[in-house]
Amino acid sequence: MKRFMAMLNRNKNTDPPPTKLLDLAGELCQELQSSSPGLEKLVGAMMGCKHKMYFLTNIHIVRACVFVHIRNGQHDTACRLLEYCKAEEKEELVQLWHEIHYRRVMERHQRDFLTPLQKFRCRKRNPPPISLCPEGLKTRSYPEEVRQHLHRFAAEVTANPDKKQREGLARDMNLQPAQVYNWFANYRRRQKA
């Protein structure tokens with residue numbers, strides 16, 4: 001830690017900071033994960049310097065910063081940090097985004113955990129920003145033509161196809177047989193309701 005602080009002070013006017021400094025910061029974040037005061041001091045030093053955006057290209061540093069902000073109840077700050085960071089590991093950043101919102105809900109409702117349904121609802125209410133999902137959010141619904149074909153089959157042939165019919169539909173629409181099975185199970189459930 002002392003070596004990092006000395007190197008940070010020596011390079012406070014160097015733009016961009018040396019790669020050695022960024023690598024050392026990432027290593028320290030990994031080592032100090034279990035040491036709360038040390039990690040907080042390190043995060044404070046990195047976020048308080050002018051090289052803040054350079055540090056936020058390293059996923060280990062981003063993770064440490066988010067962890068410290070969550071522990072301090074600064075959920076909005078953690079979200080902003082994720083929104084503007086330049087780390088390449090987008091999937092992990094999205095997971096961190098969701099984790100922030102799970103923690104916020106758990107604190108609000110004074111719970112130790114969330115059920116899968118509560119997590120699903122939390123993700124729906126708090127979708128990640130476009131900066132974390134440049135290709136857009138993944139959707140699980142099928143294209144309109146696939147849905148129309150399945151609806152037509154359910155209305156004209158049967159809402160409870162046998163294995164052979166499901167496999168044929170899956171082949172025709174480039175789906176897995178399990179997906180077709182689940183679609184029809186959900187369709188029948190919706191019809192009952």
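Is Gln110 buried or exposed? The question is taken up below, after the overall architecture of the chain.

The structure is a predicted model, in which local features require pLDDT of at least 70 and side-chain atom pairs count only at pLDDT 80 or more, whereas totals for chains, interfaces and linings use all residues. Residues are numbered from 1 along each chain as its sequence is written, and side-chain values use heavy atoms, with hydrogens and water left out.

The protein chain contains eleven helices and zero strands, where helices (H or I, at least four residues) and strands (E, at least two) are DSSP runs numbered from the N terminus. With a radius of gyration of 24 Å, well over the 16 Å that the globule rule gives for 193 residues, the protein chain is more spread out than a compact globule. This radius is taken over C-alpha atoms, and the globule rule is 2.2 Å times the number of residues to the power 0.38. The C-alpha trace spans about 75 × 35 × 25 Å along its principal axes.

An automatic or database domain assignment divides the protein chain into domain 1 (1-132) and domain 2 (144-192). The centres of domain 1 and domain 2, taken over C-alpha atoms, are separated by 44 Å. Among contacts (heavy atoms within 4.5 Å) with a separation of 6 or more, 57% are between residues 24 or more positions apart.

Of the 193 residues, 38% count as buried; buried means under 20% relative accessible area, exposed over 50%, and partly exposed in between (1.4 Å probe, protein chains only). His98, located in helix H7 (residues 90-108), counts as buried because its relative accessibility is 9%. Leaving aside residues up to four places away in sequence, His98 touches Arg123, Asn126 and Pro128.

Most residues other than glycine have a negative phi. Gln110, by contrast, has a positive phi near 50° and lies in the loop between H7 and helix H8 (116-125). Its relative accessibility is 75%, so Gln110 counts as exposed. A positive phi, near 60°, is also found at Asn174, in the loop between helix H10 (163-173) and helix H11 (177-192). Asn174 counts as exposed because its relative accessibility is 72%.

The protein chain exposes about 12,600 Å², of which carbon and sulfur atoms supply 49%; accessible areas come from the Shrake-Rupley method with a 1.4 Å probe, and for residues only the protein chains shown count as cover.
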